[in-house]
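Hi,

Have a look at it first, and then read on for what turned up.

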Amino acid sequence: MTLTILEPGLSTTVQDDGRFGHYHIGMPPSGAMDLYSHAVGNLLVGNDEGAAGLEMTYNGVDARFDEDATIALTGADMSPELDGEPIPTWESVDVEEGQVLSTSFSANGARSYLAIGGGIDVEPRMGSRSTYELIGLGGHEGRSLEEGDELPLGESGWNAPEGRSIPDEDVLTYEGEKRLKVIMGLCDYRLTEESKAEFLDSEWKVTPEADRIGYRFDGPDIEFVEREQPFGAGADLSNVVDVGYPIGSIQVSEQPIVLASDAVTGGGYATVGTVISPDRALLAQCRTHESVRFESVTIDEALDARRERRETLDRLRNSLE
Amino acid sequence: METDRIERYALPSPSYEHGGDDHVFVELDQAMSFDANFKAMAITQELRGQDLDGIVEVCPANASYMVRFDPDVIAPSELIERLKTLDETIDIEEYKWEARVIDFPVLYDDPWTHETVMQFRDRHQDPESTDLEYSARINGFEDADAFIEAHAGAPHMVTMIGFVPGLAWCHQMVPRDQQIEVPKYLRPRTDTPGRAIGYGGAFTTPYPVQGAGGYQLFGRTPVEVLDIDQELPDFQDSIVFPKPGDIFDFRRIDRDEYDRIREEVEAGTFTHTYGHVEFEPEEFFDDPAGYNERLVEVIG
């Protein structure tokens with residue numbers, strides 16, 4: 001059973017919920033940037049939350065199914081159609097052999113997820129089917145999809161009925177102001193108090209340098225505390241003796257960069273805080289030139305937000321079973 | 001006068017920082033030292049050995065370390081308490097670990113990185129010199145040749161791996177007053193040959209693949225540190241060869257040996273030459289020159 005790519009879209013990759021246990025050799029987790037949309041799509045088609053699907057950026061695929069399948073499109077709305085007829089998003093849809101799925105540019109949000117009953121059955125590498133493009137590992141030939149690619153599909157354990165959907169309040173639309181919750185800290189002693197306050201008070205604009213490795217933001221200048229640089233740190237005031245970078249951490253050189261699923265795992269720029277895990281999904285839906293604000297939270301508030309996200313997914317799974 | 005012991009540094013109280021809801025970052029010191037690095041190495045090795053539920057990633061770094069975990073399985077406060085206990089109980093003078101001592105051939109001043117160095121002169125502190133000449137001068141060496149002899153003259157410890165898969169930070173195993181220190185380029189290069197030997201701050205890094213970069217370039221190695229397709233025998237278990245705690249013995253080679261090794265690599269038959277030691281920090285601290293000599297003797 002295969003899915004044939006007719007139009008690959010702007011940047012489409014096979015992603016599951018990530019590759020773990022290798023960060024200490026410099027290997028980021030990869031995996032879906034918006035793990036919430038990815039998980040909901042899988043639940044709608046009867047897969048495990050972490051099954052491999054397609055992550056499509058700004059503009060998705062046109063693709064032909066060579067057998068009957070159940071699909072769901074979640075995340076950014078790319079106005080999907082089946083043989084030219086509009087189909088709903090955040091809902092399971094039956095596809096018949098030979099039918100063609102097509103998508104357009106997203107109006108809100110940056111990434112759309114295509115889940116298919118049975119998942120995409122590419123060969124796992126180092127415990128994951130996720131694509132890590134920088135070194136060409138995993139996914140389909142380690143790269144984003146191209147016209148003519150044929151993706152193997154897994155056997156679905158059962159056929160989820162058509163029209164399975166989730167409550168409206170669990171459907172995300174990515175409209176309005178985006179606030180990313182962060183726990184400040186790490187090496188934020190490198191910033192002046194004024195600069196730290198300004199970081200949290202300002203609007204930050206997503207620059208065109210925003211991809212699966214990280215999102216670079218434009219805003220006020222970062223001010224560092226003057227010091228004689230410690231041994232081994234390097235000459236620039238933004239430099240520290242090289243540290244590991246958490247996923248979601250904000251590193252500052254001239255501009256802040258929030259590290260994402262394909263993060264560089266460490267380096268010599270000061271990090272000043274970390275976007276909490278549920279809000280990394282929202283980061284994935286931020287579009288170039290959009291503005292975000294960073295909101296400082298405590299570890300307990302971060303754990304509450306994580307629990308809330310977990311409970312939502314548990315509730316959806318139970319209601320769909 | 002040059003010191004002949006590794007000076008010891010009393011570490012400040014570690015700072016325990018939440019990296020979001022699912023990471024803890026622990027800075028042992030703001031400055032690089034073997035004290036800080038060996039402590040990071042020892043704590044992370046012990047933590048790995050405990051095999052706790054909910055621990056996802058354990059990452060030693062130069063003078064810090066990081067743990068990724070599942071807070072639904074182990075609470076951040078509980079993890080931090082465990083890390084504090086480890087910090088208090090580990091005495092790095094008594095701590096020992098199995099280390100590989102690895103022969104690492106380098107063609108210094110090779111034609112490929114030389115071409116890159118010349119191509120990006122406008123981004124460098126000193127457009128009139130090569131990276132080797134500049135680094136030799138600011139570190140007080142007579143010429144590039146004496147500088148190369150010093151870089152290859154004592155082994156280097158892999159104190160951290162990261163940025164991208166297989167990139168190893170290597171810190172030379174000599175007293176601080178003999179450490180080479182160089183700044184990064186003023187503006188990063190858009191290109192660096194794969195397998196280039198770079199240097200930034202107080203660290204050598206072999207570039208695993210071709211790409212952008214800002215480190216001073218001294219040479220090129222014929223050997224691979226990353227093999228994504230796992231075709232070379234050393235890469236059967238992992239796509240990355242270096243491990244934190246490895247000891248690299250950079251060895252100056254000529255073009256003939258470089259070409260010979262490349263042929264073996266390309267034929268898929270090359271294997272790294274290395275031996276094993278039980279690394280003993282205290283012996284190293286007391287007599288680095290003598291201990292380093294004994295270390296490199298174990299290379300096959």
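Let me begin with one glycine. Setting aside residues within four places of it in sequence, Gly214(A) is in contact with Ile257(A), Val258(A), Leu259(A), Ala260(A) and Ala263(A). Gly214(A) itself sits in strand 14 of chain A, which covers residues 214–218. Gly214(A) counts as buried, because 23 C-beta neighbours fall inside 10 Å and the cut-off for buried is 20 or more.

Before going further, please keep in mind that this is a predicted model.

**Two domains in chain A**

Chain A splits into domain 1, residues 2–172, and domain 2, residues 178–310. Taken over C-alpha atoms, the centres of these two domains of chain A are 28 Å apart. Where they meet, 18 residues of domain 1 of chain A are in contact with 13 residues of domain 2 of chain A. On the domain 1 side, helix 1 of chain A (residues 35–44) gives the most, with three residues. That side of domain 1 is made up of 10 nonpolar, six polar and two charged residues.

**Helix 1 of chain A**

How many of the residues of helix 1 of chain A are buried? The count is 10 of the 10, so the helix is largely enclosed by the rest of the structure. Among the buried residues are Ser37(A), His38(A) and Asn42(A), along with Leu35(A) and Gly41(A). The packing partners of the buried residues of helix 1 are strand 3 (53–57), strand 5 (69–75), strand 10 (111–116), helix 3 and helix 4, all of chain A. Just after helix 1 of chain A comes Gly46(A), with a positive phi of about 85°.

Helix 4 of chain A (residues 299–320) is the partner I looked at in detail. Its axis and that of helix 1 of chain A come within 10 Å and cross at roughly 10°. This makes helix 1 of chain A roughly parallel to helix 4 of chain A, since angles under 35 degrees count as such. The crossing of these two helices of chain A is right-handed. From helix 1 of chain A, Tyr36(A), Ala39(A), Val40(A), Leu43(A) and Leu44(A) meet Arg309(A), Leu313(A), Leu316(A), Arg317(A) and Leu320(A) of helix 4 of chain A. By class, this contact has eight nonpolar residues, no polar ones and two charged ones.

**A helix pair in chain B**

Chain B has a helix pair of its own to show you. Helix 1 (residues 34–50) and helix 2 (residues 76–89) of chain B have axes that come within 10 Å and cross at roughly 125°. At that angle, helix 1 of chain B is oblique to helix 2 of chain B. This crossing in chain B is right-handed. On helix 1 of chain B, the contact is made by Ile43(B), Glu46(B) and Leu47(B), and on helix 2 of chain B by Leu83(B), Leu86(B) and Asp87(B). Four of the contact residues are nonpolar, none is polar and two are charged.

**Where the chains meet**

The contact between the chains takes 46 residues from chain B and 42 residues from chain A. On the chain B side, the elements that give two or more residues are strand 1 (15–19), strand 2 (23–27), strand 3 (55–60), strand 4 (64–69) and strand 6 (156–161) of chain B. Strand 3 of chain B gives the most, with five residues. By class, the chain B side has 26 nonpolar, 12 polar and eight charged residues.

**Two backbone points to check**

His289(A) has a positive phi of about 75° although it is not a glycine. His289(A) lies in the loop between helix 3 (277–283) and strand 19 (291–296) of chain A. Is His289(A) buried or exposed? His289(A) is exposed, with 11 other C-beta atoms within 10 Å.

In chain B, Phe163(B) is a residue other than glycine with a positive phi near 75°. Its place is in the loop between strand 6 and strand 7 (168–172) of chain B. Phe163(B) is buried, with 22 other C-beta atoms within 10 Å.

Best wishes

Note on methods: Residues numbered from 1 in each chain as written. Chains lettered and ligands numbered in written order. Predicted model: local features only at pLDDT ≥ 70, side-chain atom pairs only at ≥ 80, totals over all residues. Domains from an automatic or database assignment. Contact = placed C-beta atoms within 7 Å. Helix = DSSP H or I, 4+ residues; strand = E, 2+ residues; numbered from the N terminus. Nonpolar A, V, L, I, M, F, W, Y, C, P; charged D, E, K, R; others polar. Axes fitted to C-alpha atoms, helices over the stretch in contact; angles between N-to-C directions. Parallel < 35°, antiparallel > 145°, perpendicular 65-115°, else oblique. Left-handed = near helix turned anticlockwise from the far one by under 90°. Buried ≥ 20, exposed ≤ 12 C-beta atoms within 10 Å, placed from the backbone.
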